[in-house]
Amino acid sequence: HVRYASQIHMAYIRTGNPAVDDVARAGLESLRQTLIQRTSVEPAGTVGLDPERDDLSFFPLIYWPVTAGQETLEPRALANIQYYLDHGGTVLIDTRDQISVPSGYGEGGGSNAGTLRRLLAGLDIPPLMAMPADHVLTKSFYLLRSVPGRYDGRTLWIEENSAGGRDGVSSVIIGGNDWAGAWAQAGGGAVTQNQEYALRFGVNLMMYALTGNYKADQVHLPHILERLGQ
């Protein structure tokens, strides 16, 4: 774990669905290369996480794809994710089906909406709201009018009170645009306009997570390394 403490890594929660996990890894790897090429952020690698066993605290942002058959999380995994959210981490939850659910998590939504509701039921998530058009996520690096992935659903859900605490960073961001799918496609050569905008949103997202919680977390780095026996 020393390498995770000393260098930034891209991270995603493994779903157990090999195809979805492969896309998540390929997408984050493509975004990692984009960050290295265009910004001063140079992530060292991409990591698939098992929240039941892995320490999540080293990662400023975790991408969480939702699949229809995803198993309900065990209490230990839920506790790990809750601790991460409560202590400065940010999770992007992606239903990948063009429809983002929240507003009380009621009925409706796309094919993965039921799974999302089931996964979130065990977590203490703050009240969410639709992201305003002038939110910092639309201007943390690039100026953006929308947040497309493979789809271009307009609604992105963020914490209602995120601007008032946590360095202004929302612990939970929920949408359905299949961002990793678009980032992965963009990693294959010529990039379409939509894929370019998806990459720009990914860059904004990482900058948003880093310039808030991660700068604060860097203060604790000596303590983390000492705890790891370095």
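The model is predicted, and it holds five salt bridges.

**Asp94 and its surroundings**
- Asp94 belongs to strand E4, which covers residues 90-94.
- With a relative accessibility of 0%, Asp94 counts as buried.
- Beyond its neighbours within four places in sequence, Asp94 touches Tyr63, Trp64, Pro65 and Val66, along with Gly175, Gly176, Asn177, Asp178, Trp179 and Ala180.
- Although Ala180 is 86 residues away along the chain, its C-alpha atom is 8.8 Å from that of Asp94.

**The Arg150–Asp178 pair**
- Asp178, one of the contacts of Asp94, forms a salt bridge with Arg150, with 2.7 Å between the closest N and O atoms.
- Arg150 sits in the loop between strands E5 and E6, and Asp178 in the loop between strand E7 and helix H5, so this bridge ties together parts 28 residues apart in sequence.
- Asp178 is buried at 5% relative accessibility, while Arg150 is partly exposed at 40%.

- Arg38 and Glu196 form a salt bridge through their side chains, at 2.9 Å from N to O.
- Arg38 is in helix H2 (residues 18-38) and Glu196 in helix H6 (residues 193-218), so the pair links parts 158 residues apart in sequence.
- Glu196 also pairs with Arg200, where the closest N and O atoms are 2.7 Å apart.
- Arg200 and Glu196 are four residues apart in helix H6, which means about one helical turn separates them.
- Through shared partners, salt bridges join Arg38, Glu196 and Arg200 into one network.
- Glu196 is buried at 16% relative accessibility, whereas Arg38 is partly exposed at 30% and Arg200 is partly exposed at 25%.

Notes: Residues numbered from 1 in each chain as written. Predicted model: local features only at pLDDT ≥ 70, side-chain atom pairs only at ≥ 80, totals over all residues. Heavy atoms only, no water. Helix = DSSP H or I, 4+ residues; strand = E, 2+ residues; numbered from the N terminus. Buried < 20%, exposed > 50% of the residue type's maximum accessible area, 1.4 Å probe, protein only. Contact = heavy atoms within 4.5 Å. Salt bridge = Lys/Arg side-chain N within 4 Å of Asp/Glu carboxyl O.
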